[in-house]
Amino acid sequence: ESEHTRTLQDALGRHPGLERAALFIGPEGGISAEEVAQAQAEHISTATLGPRVLRVETAAIAAVTLAMHIAGEMG
């Protein structure tokens with residue numbers, strides 16, 4: 001929720017050789033500061049998809065597409 005600088009490419013790039021990833025998309029109402037802190041305590045990297053606010057179903061599709069592109073799976 002408060003991540004404005006680390007992109008998905010930055011977050012995934014922190015793990016060279018990564019073969020699998022789980023992407024968590026926040027709800028339309030947003031993620032609380034406590035939930036962000038809990039995720040970070042579990043070593044989950046936070047990332048932004050950019051300045052636009054996307055609907056949850058759109059954000060999920062965009063995030064998976066970006067992850068596939070970063071992984072070189074988009075041909």
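This report describes the fold of one predicted chain and then looks at a few of its residues.

## Basis of the model

The model is predicted, and for this reason local features need pLDDT of at least 70 and side-chain atom pairs count only at pLDDT 80 or more, while totals for chains, interfaces and linings use all residues. Residues are numbered from 1 along each chain as its sequence is written, and side-chain values use heavy atoms, with hydrogens and water left out.

## Overall fold

The chain contains three helices and zero strands, where helices (H or I, at least four residues) and strands (E, at least two) are DSSP runs numbered from the N terminus. Reading along the sequence gives the pattern α-α-α. The radius of gyration, taken over C-alpha atoms, is compared here with a globule rule of 2.2 Å times the number of residues to the power 0.38. For this chain the radius is 12 Å, close to the 11 Å that the rule gives for 75 residues, so the chain is as compact as a globular protein of that length. The C-alpha trace spans about 35 × 25 × 20 Å along its principal axes.

Contact means heavy atoms within 4.5 Å, and among contacts in the chain with a separation of 6 or more, 75% are between residues 24 or more positions apart.

## Surface and charge

Of the 75 residues, 15% count as buried; the term buried means under 20% relative accessible area, exposed means over 50%, and partly exposed lies in between (1.4 Å probe, protein chains only). The chain exposes about 6000 Å², of which carbon and sulfur atoms supply 54%, with areas computed by the Shrake-Rupley method using a 1.4 Å probe and, for residues, only the protein chains shown counting as cover.

There are 5 positive and 10 negative side chains, and the centres of the two sets lie 5 Å apart. In this count Lys and Arg are positive and Asp and Glu negative, while His and the chain ends are not counted, and each charge is placed at NZ of Lys, CZ of Arg, CG of Asp or CD of Glu.

## E3 and T48

E3 belongs to the segment before α1 (8-13), and with a relative accessible area of 18% E3 is buried. T48 lies in the loop between α2 (33-41) and α3 (56-70), and T48 counts as buried because its relative accessibility is 15%.

L66 is found in helix α3 and, at 37% relative accessibility, counts as partly exposed. Not counting residues up to four places away in sequence, L66 touches L8 and L49.

H43 is placed in the loop between α2 and α3, and with a relative accessible area of 71% H43 is exposed. The phi angle of H43 is near 65°, a positive value in a residue other than glycine.
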